[in-house]
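Biologist: I would like to learn how to read a model like this one, feature by feature. Where do we begin?

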Amino acid sequence: MWPAVYNDSMLKWLLTLIAAIVVLNLCTPWLRKFGLGRLPGDITLRFKGRDYYLPFTTTVLLSLALTLLVRLI
């Protein structure tokens, strides 16, 4: 079947992705105080009484900021 190295690296990436999603969801109220999540290009949908946020512009902005921060360190 698949080599053990492939499974270990996929598991690490999956755990990293889950951790990043949890951290971003916990930081969402704090980030909204600074206007992130309400930028042009961020979409808010209301479906069956629930709000769903699709922060496209905020994601690009945060990705750019983190990339610059990592390159400077």
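Modeller: Begin with a cut-off: a residue is buried under 20% relative accessible area, exposed over 50%, and partly exposed in between. Thr 57 has a relative accessible area of 27%, so Thr 57 is partly exposed. Keep in mind that this is a predicted model.

Biologist: Where is Thr 57 found?

Modeller: Thr 57 is found in helix α2. Thr 58 is found in helix α2 as well.

Biologist: Is Thr 58 buried or exposed?

Modeller: Thr 58 counts as buried, because its relative accessibility is 6%.

Biologist: What does Thr 57 touch, leaving aside its neighbours within four places in sequence?

Modeller: Thr 57 is in contact with Leu 39, Pro 40, Gly 41 and Asp 42. With Pro 40 there is also a polar pair: a polar atom of the Thr 57 side chain lies 2.5 Å from the backbone oxygen of Pro 40. Thr 57 and Leu 36 are 21 residues apart in sequence, and their C-alpha atoms are 8.7 Å apart in space.

Biologist: And which residues does Thr 58 touch, not counting residues up to four places away in sequence?

Modeller: Leu 36, Gly 37, Leu 39 and Asp 42.

Biologist: Asp 42 keeps coming up. Where is the place of Asp 42?

Modeller: Asp 42 is in strand β1, which covers residues 42–47.

Biologist: How do I read charge at such a site?

Modeller: The general idea is that side chains of opposite charge can pair when their charged atoms come close. Here, Asp 42 is buried yet has no salt bridge. The nearest side chain of opposite charge is that of Arg 32, 7.1 Å away. A salt bridge needs a side-chain nitrogen of Lys or Arg within 4 Å of a carboxyl oxygen of Asp or Glu, so a pair has to meet that cut-off to be counted.

Biologist: What does the side chain of Asp 42 reach instead?

Modeller: The Asp 42 side chain reaches the backbone nitrogen of Phe 56 at 3.2 Å. The side chains of Asp 42 and Thr 58 are joined by a polar contact of 2.6 Å. Beyond its neighbours within four places in sequence, Asp 42 is in contact with Gly 37, Leu 54, Pro 55, Phe 56, Thr 57 and Thr 58.

Biologist: How many salt bridges does a search of the whole structure find?

Modeller: The search finds one. Asp 51 forms a salt bridge with Arg 46, and the closest N and O atoms are 3.2 Å apart.

Biologist: How accessible are Asp 51 and Arg 46?

Modeller: Asp 51 is partly exposed, because its relative accessible area is 34%. Arg 46 counts as exposed, because its relative accessibility is 61%.

Biologist: Which residues form a nonpolar patch on the surface?

Modeller: The patch is formed by Leu 11, Leu 14, Leu 15, Leu 17, Ile 18, Ile 21, Val 22 and Leu 26. Together they have about 770 Å² of accessible area. Take Leu 26 as one member: its place is in helix α1, residues 4–33. Leu 26 counts as exposed, because its relative accessibility is 66%.

Biologist: How far apart in space are Val 70 and Gly 49?

Modeller: Val 70 and Gly 49 are 40 Å apart, C-alpha to C-alpha, and 21 residues apart in sequence.

Terms used: Residues numbered from 1 in each chain as written. Predicted model: local features only at pLDDT ≥ 70, side-chain atom pairs only at ≥ 80, totals over all residues. Heavy atoms only, no water. Helix = DSSP H or I, 4+ residues; strand = E, 2+ residues; numbered from the N terminus. Buried < 20%, exposed > 50% of the residue type's maximum accessible area, 1.4 Å probe, protein only. Lys, Arg positive; Asp, Glu negative; His and termini not counted. Polar contact = N/O pair within 3.5 Å; in protein donor to acceptor, adjacent residues only side chain to side chain. Contact = heavy atoms within 4.5 Å. Patch = residues over 30% accessible without salt bridge, like charges linked within 9 Å, V, L, I, M, F, W, Y side chains within 5 Å. Areas by Shrake-Rupley, 256 points an atom, 1.4 Å probe, with all protein chains shown as cover.
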